[in-house]
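Subject: Structure handover

Hello,

Here is the structure you will be taking over. My notes on what I found follow below it.

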Amino acid sequence: MMKICPLCNTMYEPKFLCENCSGLLKDKGRLQEYLGPYSADMPIENYEYCTHIYKCSICGRLEKHEIRMVLY
Ligand SMILES: [Zn+2]
Ligand SMILES: [Zn+2]
């Protein structure tokens, strides 16, 4: 068994609403990917959480959401 992020593996797609305007937040991918090559060498295995960046489609607010890894 290994731990995987259900979002990265498109097992489900949570709907988060913007705290600012209640607009629908869109998944912009993993935090590591969003930040770019400077943190690209961070290992993703054995993490309890996979951090995803969400962006509001209306006001542009960025939010981080930590997605709990599931055993697969
Ligand atoms: Zn993920
Ligand atoms: Zn918003």
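Arg 30 stands opposite His 52 in β3. Asp 27 stands opposite Tyr 54 in β3. Strand β2 (residues 25–30) and β3 are joined by 4 bridges and run antiparallel. Helices (H or I, at least four residues) and strands (E, at least two) are DSSP runs, numbered from the N terminus. Two strands pair if DSSP finds at least two bridges between them.

Before you read on, note that this is a predicted model: local features need pLDDT of at least 70, side-chain atom pairs count only at pLDDT 80 or more, and totals for chains, interfaces and linings use all residues. Residues are numbered from 1 along each chain as its sequence is written, while chains are lettered from A and ligands numbered from 1 in the order in which they are written.

**The sheet**

On to the other partner of β3. Strand β4 (residues 62–68) runs antiparallel to β3, with 7 bridges joining them. Tyr 49 stands opposite Arg 68 in β4. β3 and β4 form a hairpin, with 5 residues between them. Gly 60, in the turn, has a positive phi of about 85 degrees.

Together the strands make an open sheet of 3, in the order β2-β3-β4, with antiparallel pairing. β2 and β4 stand at the edges with a single partner strand each, so one side of each has no neighbour in the sheet. On average, neighbouring strands of this sheet are turned by 35 degrees against each other, direction ignored. (Axes are lines fitted to C-alpha atoms, for helices over the stretch in contact; angles run from 0 to 180 degrees between N-to-C directions.)

Strand β3 (residues 49–56) has two faces. Cys 50, His 52, Tyr 54 and Cys 56 form the covered one. Tyr 49, Thr 51, Ile 53 and Lys 55 form the uncovered one.

**Ser 57**

Ser 57 lies in the loop between β3 and β4. Is Ser 57 exposed, partly exposed or buried? Ser 57 counts as partly exposed because it has 13 C-beta neighbours inside 10 Å. (Buried needs 20 or more other C-beta atoms within 10 Å, exposed 12 or fewer, partly exposed falls in between; C-beta atoms are placed from the backbone.) Leaving aside neighbours within four places in sequence, Ser 57 is in contact (C-beta atoms within 7 Å) with Gly 23, Leu 24 and Lys 26.

**Confidence**

The protein averages a pLDDT (the predictor's confidence in each residue, from 0 to 100) of 86.

Best wishes

How values were computed:
Contact = placed C-beta atoms within 7 Å.
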